[in-house]
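Hello,

Here is the structure I said I would pass on.

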Amino acid sequence: MMKENLVKAFNAQVNAEMWSSNLYLSMSVYFAQSGYPGMASWMKAQSKEELEHAYEMIDFVIKRGGNIEIGQINVVPAAWGTPLEVFEHVYEHECHVSKLIDDLLDVAIKEGDKAAQNFINGFVNEQVEEEDTAQTIVERLRKLDGHNLVYMDDKLGGRK
């Protein structure tokens with residue numbers, strides 16, 4: 001049985017993952033309406049991935065006898081700037097999520113829950129990849145300096 005403090009931390013993280021999913025869905029809609037179908041597709045895939053993280057955490061907590069409570073998901077922004085500005089926000093958000101995951105791991109360590117630590121470490125490792133991917137896209141968009149965005153749109157649209 002998971003300790004209540006850890007269950008609360010997981011519930012908060014599930015909520016954060018669901019908010020992240022909505023954030024990326026909002027960005028996807030923005031890109032689709034702005035004529036960037038590839039970027040829209042990339043963001044939609046990111047949205048699905050964040051929701052899958054929430055599902056994985058829910059399943060883990062339930063298997064461990066914890067009580068999941070789906071809380072209210074706050075409104076996400078609907079207006080964005082240039083593709084570069086959007087992806088800069090993605091990078092900043094992924095850094096924020098990394099901090100949240102680190103904090104969740106700290107709770108698991110404090111509670112001495114080895115299974116939770118092992119489970120959370122998978123997300124710690126994934127966040128390294130997420131930050132790197134977002135940073136790479138930001139760097140490429142900066143190099144393009146607002147030009148050839150169709151190329152970048154096509155490239156990002158190849159994400160499955």
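This is a predicted model: local features need pLDDT of at least 70, side-chain atom pairs count only at pLDDT 80 or more; totals for chains, interfaces and linings use all residues.

Helix α2

Helix α2 runs over residues 37-63 and has 27 residues. After α2 comes Gly65, which has a positive phi, near 85°.

Helices α4 and α5

How do α4 and α5 cross? The axes of α4 (residues 114-144) and α5 (residues 149-156) come within 10 Å and cross at roughly 160°. Angles over 145 degrees count as roughly antiparallel, which means that α4 is roughly antiparallel to α5. Their crossing is right-handed.

On the α4 side of the contact are Ile137, Arg140, Leu141 and Leu144. They meet Leu149, Met152, Lys155 and Leu156 of α5. Of the residues in this contact, six are nonpolar, two are charged and none is polar. As background, an α-helix has 3.6 residues a turn, so residues three or four places apart point the same way.

Aromatic rings

With ring centres within 6.5 Å taken as a pair, the model has eight aromatic pairs. One of them is Phe10 with Phe119: the ring centres are 6.1 Å apart and the planes are at 45°, so this pair is tilted. Phe10 belongs to helix α1 (residues 4-33) and Phe119 to helix α4, so the pair ties together parts that are 109 residues apart in sequence.

Regards

How values were computed: Residues are numbered from 1 along each chain as its sequence is written. Side-chain values use heavy atoms; hydrogens and water are left out. Helices (H or I, at least four residues) and strands (E, at least two) are DSSP runs, numbered from the N terminus. The expected span of a helix is 1.5 Å times one less than its number of residues. Axes are lines fitted to C-alpha atoms, for helices over the stretch in contact, and angles run from 0 to 180 degrees between N-to-C directions. Angles under 35 degrees count as roughly parallel, over 145 as roughly antiparallel, 65 to 115 as roughly perpendicular and the rest as oblique. A crossing is left-handed if the near helix is turned anticlockwise from the far one by less than a right angle, and right-handed if clockwise. Contact means heavy atoms within 4.5 Å. Ala, Val, Leu, Ile, Met, Phe, Trp, Tyr, Cys and Pro count as nonpolar, Asp, Glu, Lys and Arg as charged, and the others, Gly among them, as polar. Rings of Phe, Tyr and Trp (its six-membered ring) pair if their centres lie within 6.5 Å; planes under 30 degrees apart count as stacked, over 60 as edge-to-face and the rest as tilted.
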